[in-house]
Amino acid sequence: MREFGYERATDVPGAVALRGADGGTSYLGGGTNLVDLMKSGVERPALLVDVRELPLDRVEVTEDGGLRIGATVTNSDLAVHPEVRRRYPMLAEALLAGASGQLRNMATVGGNLLQRTRCGYFADTSAPCNKRVPGSGCPAIAGEHHNHAILGASTHCVATHPSDMAVPLAALDAVVSYETVDGPGELPLADFYLPVGDTPHLETALPPGALITHVTVGPAPVAAVSHYRKVRERASYAFAIGSVAAALAVRGGVVEEVRLALGAVASRPWRARAAERALTGGPATAEAFAAAADAELAAAKPLPDNAYKVTLTRNLIVSELTRLAEESAR
Amino acid sequence: MTTTTEATRLAGAVGVAHTRVEGLDKVTGAARYAAEHHFTELAHGWMVLSTVARGRITAIDSAPVEAMPGVLAVLHHENAPHLAEASGFFGPDPTVQVLQNDRVPHVGWPVALVVAETPEQAREAAESLVVHYEQEPHDTVFRAGHPDTYTPGDDEDDSVEISKGDMEAELAASAVVVDEWYTTPEEHHNAMEPHGAIARWEDGRLEVIDTTQGAFATAQDLAALLSLDPSSVRVVSEHVGGGFGSKGLVRPHSVLAAMAATVVHRPVRVVMTRRQVFSLVGHRPATAQRMRLGAHADGRLRALDHQASSYTSRVMEYVESSAAISRVLYGADAHHTVNRVVPLDVPTPRWMRAPGEAPGSFAVESAMDELAERCGVDPVALRIRNEPAVGPVSGLPFSSRSTVACFEEGARRFGWAERDPRPAVRREGRWLLGTGVAAATYTAGVVPSTASVTAEAGGDFTVRITAADIGTGARTALVQIAADALEVPVDRIRMRIADSDFGQAMLAGGSTGTRSWAHAIVAAVAELRAVLVPGMEIPADGITVRGNSLDAVRGLAKLERHSFGAQFAEAAVDIATGEVRVRRMLGMFAAGRVVNPLTARSQLVGGMVWGLSMALHEEAHRDAASGGLVGGDLAGYHIAANADVPLIEADWVDEVDPHDPTGIKGLGEIGIVGAAAAVANAVWHATGVRHRQLPIRPDRVLAAAAERG
């Protein structure tokens with residue numbers, strides 16, 4: 001049988017030391033994605049460093065009034081955390097829209113950010129896939145791609161990032177803290193995921209061997225009125241085909257502040273900055289919301305079978321901003 | 001030792017709700033499924049499946065794999081035991097002629113079996129085996145009008161194409177005409193228990209524990225394939241975790257396990273992975289169906305033309321008989337039904353729950369809804385108006401037909417009378433709401449079968465019959481049937497099933513199981529009554545007689561025999577996102593005598609969930625370039641999740657079928673029939689848009705909404 005090593009780390013320096021910079025070693029969080037990929041042969045680590053018992057399972061309020069979320073906090077615990085529910089409802093809603101109760105009980109915040117695409121070609125070791133075997137090709141472009149990317153993709157890969165949680169985190173300008181053998185570091189979520197380009201197998205800007213320790217979000221009062229809306233092909237147990245995390249502050253009919261991020265459209269959670277720019281300072285009307293959506297989606301390059309995502313995403317943006325405008329006005 | 005007494009007639013067990021007799025074993029894990037049994041020296045086989053869609057094997061690098069830890073054998077076409085090209089229980093089955101030659105007919109065809117000491121060793125070795133192919137161009141894309149489409153059968157086979165009246169003349173004379181195409185995708189059963197078998201040689205007999213819907217047929221087929229005397233093969237399948245047709249026939253895993261046990265002289269277990277199940281156990285092929293309905297202004301049909309096509313593999317011809325349902329549901333002056341087929345380089349499709357009727361009902365019952373719309377006639381009234389007095393094609397009387405009662409009672413419970421027929425006028429928040437209806441029918445078949453009954457010395461009775469309980473509750477139903485036949489309480493019946501040594505019996509399939517087995521048990525009990533004399537002594541090993549229902553079944557009058565039903569659904573559609581949610585479903589059925597209301601309702605609700613799933617979710621994605629599936633597992637192939645399944649009510653009208661002594665019709669399949677059409681018709685009523693392509697995915701709802709502007 002295919003053998004692999006297993007070590008349980010008890011502190012962060014120990015975990016990082018065990019992991020080293022060797023590409024054959026992986027951190028194991030909840031294992032809800034990694035173990036599946038090991039079973040199917042997509043991932044073949046020689047050593048697993050289990051990080052679930054690291055003291056990173058706390059959610060703390062920071063001095064500036066934000067939240068510092070430990071990397072091993074489970075998706076379930078984060079979703080029901082009172083501060084998350086009160087101050088970042090879109091984050092709680094996104095977590096609860098993801099996976100199933102059982103998976104959320106296991107899945108960690110750090111692992112959620114690092115989960116791999118659910119592209120069917122990526123998951124099938126008998127198929128070519130540039131993300132899994134660089135240079136082998138991307139059969140999705142001419143094949144089955146009705147759930148693939150419309151923004152930021154390349155001719156080498158059109159896979160989407162599957163996380164719900166990462167979408168509101170992108171809207172919240174979250175910062176990812178990590179530890180390496182050479183010391184700690186930080187990456188804004190905006191820089192965390194690499195552009196696809198011709199290197200779809202390189203997914204994050206984390207240095208080799210880095211361990212995510214925390215995810216920090218700022219105070220963002222605008223997020224008190226926020227929502228996450230997910231559309232999928234069945235009511236549960238499915239990844240998004242379109243999703244929106246949106247926060248909106250309206251005063252006197254004018255958009256004071258808006259945060260908007262999109263899911264299931266790109267290889268990363270997609271911060272809709274063009275839409276935000278178009279909206280800020282303008283009227284909080286359905287027409288303005290639609291124009292902002294169009295501004296964001298002007299860059300979309302759909303394939304033959306996923307053009308519906310442009311319509312779906314546009315409709316979701318308008319629908320959620322309209323709902324938030326009503327709630328913000330209350 | 002005891003003596004028999006005249007039994008006192010008790011209140012019948014049939015018709016009374018009874019929990020499963022093996023329920024405790026199942027929920028406590030005591031019940032063992034095929035692959036869960038253990039034997040000393042058990043070895044493990046792992047299948048290697050082809051990765052190309054068409055071609056031949058040029059070389060198999062087995063030497064390095066044979067040297068891997070624990071590997072006992074690598075079987076492939078150059079060294080595997082010879083299989084006879086035998087005619088199986090249901091005719092020749094080339095899909096189990098595995099490892100016999102170098103041809104590769106589709107992605108997922110078994111090209112080798114690696115046998116090792118542990119499953120892990122077998123798997124690693126199997127995944128390390130390098131197979132070289134010479135690839136040939138392949139075609140796996142099904143579409144209406146594919147140039148290779150042909151009409152199967154020969155001149156003597158009148159089941160494929162049946163025609164009466166002048167179709168074009170009737171259509172031309174019709175006040176209203178519907179002429180539309182309907183399509184359904186490739187669908188897979190996905191029984192919860194994947195296929196697995198353990199084969200071993202025991203005292204000169206091949207003993208196989210298999211997951212099969214028919215242990216007797218499987219034993220016969222294995223004997224024929226391996227050129228063994230039928231009496232030297234035994235197959236048992238005591239507990240089966242779902243079948244839906246996928247376990248109706250001997251499958252490659254059992255054949256390979258038997259071959260390997262013969263080669264390595266040890267018990268061998270072969271279990272399919274979920275992905276392997278997607279290419280080796282049959283599936284429902286995609287269909288394209290043209291429906292032409294011509295009617296008088298009041299909706300009475302003048303013309304019904306149902307032209308169905310589906311694909312088959314190049315291994316064997318399987319015809320999905322989608323048009324057959326139109327021969328039962330509606331009469332018309334001109335009536336034409338045909339099932340055509342096109343061979344492709346794909347895995348072989350085969351029976352899947354309500355084969356034919358499931359996709360066929362989507363076409364004809366969607367078209368009937370369109371006819372109702374165009375005629376301005378209520379959809380329920382339209383169906384009642386077209387209710388035939390006799391078989392629309394055969395002219396034979398129905399043994400019983402309670403369609404109208406199903407529609408009327410269903411409409412009453414569903415609140416159909418308050419329905420506003422106009423589409424796209426009901427809104428609740430972001431949801432548009434609608435309701436839809438469809439007819440259901442499924443053939444009530446019976447196959448001669450045998451059973452034995454033993455009068456035990458202690459006063460109990462043991463019934464032995466090669467029935468299978470694939471999760472349906474069949475074992476419990478047979479206890480009830482035997483209790484009534486013997487006129488004793490159910491706790492005096494010991495039911496032994498699913499062992500080929502018990503003799504020939506129909507498999508659990510085609511909604512024929514319970515009826516066929518009931519006939520056999522009744523026949524055996526009649527034999528026992530002829531032997532037992534009140535007051536006689538029962539010896540310690542009991543008195544055993546065998547019964548055969550051959551004469552009883554042959555004596556049945558030739559009639560149109562079917563179950564019927566009416567399906568109602570309410571759907572909510574968000575046309576801004578394409579989401580469709582079914583809010584409630586009601587199925588009213590007429591299925592003759594219902595043996596166990598508890599498990600019968602479960603069967604019907606299960607079928608309706610399948611219909612909902614077919615309407616909204618199920619669809620295998622086949623990659624044209626590779627010829628293989630994309631996402632061929634339960635992550636990629638969506639079935640309805642719990643959150644998709646709303647309140648579902650299934651019930652039946654009282655129906656006495658006087659033309660069958662058991663009065664049973666069967667209800668394993670009818671729950672799915674018409675359900676997808678009812679949902680699709682509800683989506684039309686909600687949105688004003690017809691969905692003629694299943695499943696009704698969000699992208700298709702969005703595209704349809706965009707087309708309407």
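Across all chains, 76 salt bridges turn up in a search of the whole structure, a salt bridge being a side-chain nitrogen of Lys or Arg within 4 Å of a carboxyl oxygen of Asp or Glu. This is a predicted model, in which local features need pLDDT of at least 70, side-chain atom pairs count only at pLDDT 80 or more, and totals for chains, interfaces and linings use all residues. Residues are numbered from 1 along each chain as its sequence is written, chains are lettered from A and ligands numbered from 1 in the order in which they are written, and side-chain values use heavy atoms, leaving out hydrogens and water.

Let's start with B:Asp660, which forms a salt bridge with B:Arg515, their closest N and O atoms being 2.7 Å apart. B:Asp660 lies in the loop between β30 and α16 of chain B and B:Arg515 in helix α13 (residues 513-531) of chain B, so the pair ties together parts 145 residues apart in sequence. Helices (H or I, at least four residues) and strands (E, at least two) are DSSP runs, numbered from the N terminus. Both partners are buried, meaning under 20% relative accessible area, with exposed over 50% and partly exposed in between (1.4 Å probe, protein chains only).

Now look at B:Thr662, in the loop between β30 (647-652) and α16 (675-687) of chain B. B:Thr662 is buried, with a relative accessible area of 7%. Leaving aside residues up to four places away in sequence, B:Thr662 touches B:Arg515, B:Ala518, B:His519 and B:Arg593, where contact means heavy atoms within 4.5 Å.
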